[in-house]
Amino acid sequence: MFEQVKLTYGADALEPYIDTLTVETHYGKHHATYTKNFNDAVAKAGLEGKSAEEILASLDSVADESLRKALRNNGGGYYNHNLYFESFSPSPAKAPTGALLDKINEKFGSVDALKEELTKLATGQFGSGWAWLSANKAGDLMTSASPNQDNTISEGKGYIPIIALDVWEHAYYLKYKNLRPDYIKNFFEILDWSKVEENYKRIIG
Ligand code: MN
């Protein structure tokens with residue numbers, strides 16, 4: 001049985017960057033529904049006991065097309081939002097350190113340059129989707145964007161997300177309306193880089 005991550009902050013704790021009603025709706029309704037529908041699809045497919053990463057990495061093994069689609073969309077919705085909601089803090093670490101910082105500097109030049117790259121991808125994602133910073137087991141980093149609830153795992157890219165930037169309208173529209181770039185700018189104000197580092201360390205082992 002998959003469960004939503006517990007929020008380590010109150011629904012109002014990310015103000016003014018992400019407003020209370022958006023957290024309540026996004027976490028309490030959207031994420032809750034993806035989670036319920038993922039559990040239903042997992043049971044139907046007989047995939048209980050597998051991790052969400054395993055399921056998303058082996059969607060091709062599910063023969064039934066509508067079930068495969070349900071696992072891709074709701075499994076992605078479950079997994080992506082766990083990563084998203086886990087990565088915020090009202091008092092975030094403002095920059096990475098250690099091996100992750102070294103890798104970012106090597107690959108992108110600086111943390112600011114990486115943020116610019118993610119901003120470009122997130123702004124340019126047409127319609128609903130996500131922008132990612134992902135890592136592979138060797139510690140290499142990659143930026144990308146995905147439509148819908150796809151991610152670098154379900155896309156078979158061999159990379160696992162460590163930053164999840166949700167640009168579905170439900171993530172920002174109540175407060176920001178059409179101003180997606182303003183939401184993206186403020187996303188980085190509450191992104192806790194210590195969480196991103198934890199994600200990175202877990203992947204490289
Ligand atoms: Mn979302």
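This is a predicted model: local features need pLDDT of at least 70, side-chain atom pairs count only at pLDDT 80 or more; totals for chains, interfaces and linings use all residues.

Let me start with a question: is lysine 103 buried or exposed? Lysine 103 is buried, with a relative accessible area of 19%. By convention, buried means under 20% relative accessible area, exposed means over 50%, and partly exposed lies in between, with a 1.4 Å probe and protein chains only.

Residues are numbered from 1 along each chain as its sequence is written, and side-chain values use heavy atoms, with hydrogens and water left out.

I return to lysine 103. Its side chain forms a salt bridge with aspartate 140, the closest N and O atoms being 3.6 Å apart; a salt bridge here is a side-chain nitrogen of Lys or Arg within 4 Å of a carboxyl oxygen of Asp or Glu. Lysine 103 lies in helix α4 and aspartate 140 in the loop between β1 (129-135) and β2 (141-147), so that the pair links distant parts of the chain, 37 residues apart. Helices (H or I, at least four residues) and strands (E, at least two) are DSSP runs, numbered from the N terminus. In contrast to the buried lysine 103, aspartate 140 is partly exposed at 31% relative accessibility. Salt bridges with shared partners join Lys103, Glu106 and Asp140 into one network.

How many salt bridges does the rule count? The count comes to six. Let me go through two others. Lysine 36 pairs with aspartate 40, with 2.7 Å between the closest N and O atoms. Because lysine 36 and aspartate 40 are four residues apart in helix α1, about one helical turn separates them. In general, an α-helix has 3.6 residues a turn, so residues three or four places apart point the same way. Aspartate 40 is partly exposed, at a relative accessible area of 40%.

Lysine 94 and glutamate 189 also meet in a salt bridge, at 3.3 Å from N to O. This pair too links distant parts of the chain, since lysine 94 is in the loop between α3 and α4 (98-108) and glutamate 189 is in helix α7 (residues 180-190), 95 residues apart. Both partners are partly exposed: lysine 94 has 48% relative accessibility, and glutamate 189 has a relative accessible area of 30%.

Helix α7 also has a buried side. Its buried residues are Arg180, Tyr183, Ile184, Asn186, Phe187, Phe188 and Ile190. They pack against α3, α5 (111-124), β3 and α6 (173-176).

I turn now to the domains. The assignment, whose bounds come from an automatic or database source, gives domain 1 (20-86) and domain 2 (98-204). The contact between them takes 20 residues from domain 1 and 21 residues from domain 2, where contact means heavy atoms within 4.5 Å. The centres of the two domains, taken over C-alpha atoms, are 19 Å apart.

How much area is buried between domain 1 and domain 2? The value is about 1,700 Å², of which carbon and sulfur atoms give 56%; buried area is the accessible area (1.4 Å probe) that two parts lose on being put together, summed over both. Asn80, Leu83 and Tyr84 supply 32% of the area that domain 1 buries against domain 2, more than any other three residues.

Across this interface the rule finds one salt bridge. Arginine 72 and aspartate 150 meet in a salt bridge through their side chains, at 2.9 Å from N to O. On the side of domain 1 that touches domain 2, the elements giving two or more residues are α1 (20-45), α2 (52-57) and α3 (65-86). The most comes from α3, with ten residues.

Finally, where is aspartate 150 placed? Aspartate 150 is in the loop between β2 and β3 (160-166). Aspartate 150 is buried, with a relative accessible area of 10%. Not counting residues up to four places away in sequence, aspartate 150 touches Arg72, Asn80, Trp130, Trp132 and Glu155.

Thank you for your attention.
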